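Reader: Hi! I'm new to reading protein models. Could you walk me through this one?
Author: Happy to, let's look at it together.

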Amino acid sequence: MQVRELKISGAFEFTPSVFPDDRGLFVAPYQEAVFTAAVGHPLRVAQTNHSESRRGVVRGIHYADTPPGQAKYVHCPRGRMLDVVVDLRVGSPTFGEWESVELSAGVFNSVYLPEGLGHALMALEDGTVASYLCSEGFNPTAEHGVHPLSMDLPWPAGITPLLSPKDAAAPSFDQARDAGLLPSYDECVAWYSKLSH
């Protein structure tokens, strides 16, 4: 398993080894020992999510109140998608910055983002599946969004973004920041420290 830390602190890309044979292949997209060594604590899995999207569908930018927030380990078992991690933590050295990783069923790579970061994706092919391991279950009162077209995110040219009504109605990044809706970096760091002990 190869591990790459993204420029957004606490976020990582994990790329496993693939073992093909004449029957097909075998791969382990999540490996706790490797994850724990990289992140500093194991991933508590309270819920798994599965979405299927046609080409152009954008989901996000989503985040949850921290603590406890919702960490995500995102994998693409079918199709291809652009996965985008956005630093929404007010006070972070990389506040407002983002990094994108293409996830695909051909590479079997995954992205981990800790609590307090924003997450968005775009399906690059019809039938693209995203599978998430989530540290907390769905809590509608603590879940929030930022409009995915309100930031200069790297959505590919030539693909029309398709948003849900909820995501289309989300506040812009500037509106969410000015209204005090975004997570605090200090509170997130304190929560990460608690998870590591």
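Reader: Where is H119 found?
Author: H119 is found in strand 11. One thing to keep in mind from the start is that this is a predicted model.

Reader: Got it. Is H119 buried or exposed?
Author: H119 has a relative accessible area of 2%, and buried means under 20%, so H119 counts as buried.

Reader: And what does the side chain of H119 make a polar contact with?
Author: With the side chain of D83, at 2.6 Å. If you leave out residues up to four places away in sequence, H119 also touches a list of others, including R59, G60, I61, K72, V74 and Y132.

Reader: Which residue stands opposite H119?
Author: That is H62. Strand 6, residues 58-64, and strand 11, residues 118-123, run antiparallel.

Reader: How many bridges join strand 6 to strand 11?
Author: There are 4 bridges between strand 6 and strand 11.

Reader: Nice. What order do the strands of the sheet come in?
Author: The order is 9-8-11-6-13, so to speak the reading direction across the sheet. The sheet is open, has 5 strands and is paired in antiparallel fashion. At its edges sit strand 9 (98-104) and strand 13 (143-145), each pairing on one side only. From one strand to the next, the twist averages 25°.

Reader: New topic: how much space lies in the largest pocket?
Author: About 550 Å³. There are 24 residues lining the largest pocket, and the closest to its centre are H62, K72, E143, K166 and D167.

Reader: Which elements supply at least two residues of that lining?
Author: Strand 5, strand 6, strand 13 and helix 2 (165-168) each do.

Reader: How many cavities of 30 Å³ or more does a search of the whole structure find?
Author: It finds 1 cavity, and about 30 Å³ of space lies in the largest cavity. H62 and H119 are among the residues that line this cavity, along with others including Y63, L113 and L117. Strand 6 gives the largest share of the lining, 3 residues.

Reader: Okay, what about R44, where is that found?
Author: R44 is in the loop between helix 1 (32-39) and strand 5 (47-53). Leaving aside its neighbours within four places in sequence, R44 is in contact with C134, S135 and E136.

Reader: What are the polar contacts like there?
Author: A polar atom of the R44 side chain lies 2.5 Å from the backbone oxygen of S135. The side chains of R44 and E136 also make a polar contact, at 3.4 Å.

Reader: How far apart are R44 and A71?
Author: They are 27 residues apart in sequence, and 8.8 Å apart in space, C-alpha to C-alpha.

Reader: Last one: what is the phi of F108?
Author: F108 has a positive phi of about 70° although it is not a glycine. F108 lies in the loop between strand 9 and strand 10 (110-113).

Reader: Is F108 buried or exposed?
Author: Buried means under 20%, and F108 is at 12% relative accessibility, so F108 counts as buried.

Key
Residues numbered from 1 in each chain as written. Predicted model: local features only at pLDDT ≥ 70, side-chain atom pairs only at ≥ 80, totals over all residues. Heavy atoms only, no water. Pairing = 2+ DSSP bridges. Axes fitted to C-alpha atoms, helices over the stretch in contact; angles between N-to-C directions. Buried < 20%, exposed > 50% of the residue type's maximum accessible area, 1.4 Å probe, protein only. Polar contact = N/O pair within 3.5 Å; in protein donor to acceptor, adjacent residues only side chain to side chain. Contact = heavy atoms within 4.5 Å. 1 Å grid on protein atoms, 1.4 Å probe; cavity = no way out; pocket = protein on both sides within 12 Å on 5 of 7 lines; lining within 4 Å. Points joined across faces, edges and corners; volume = space filled by probe spheres on them.
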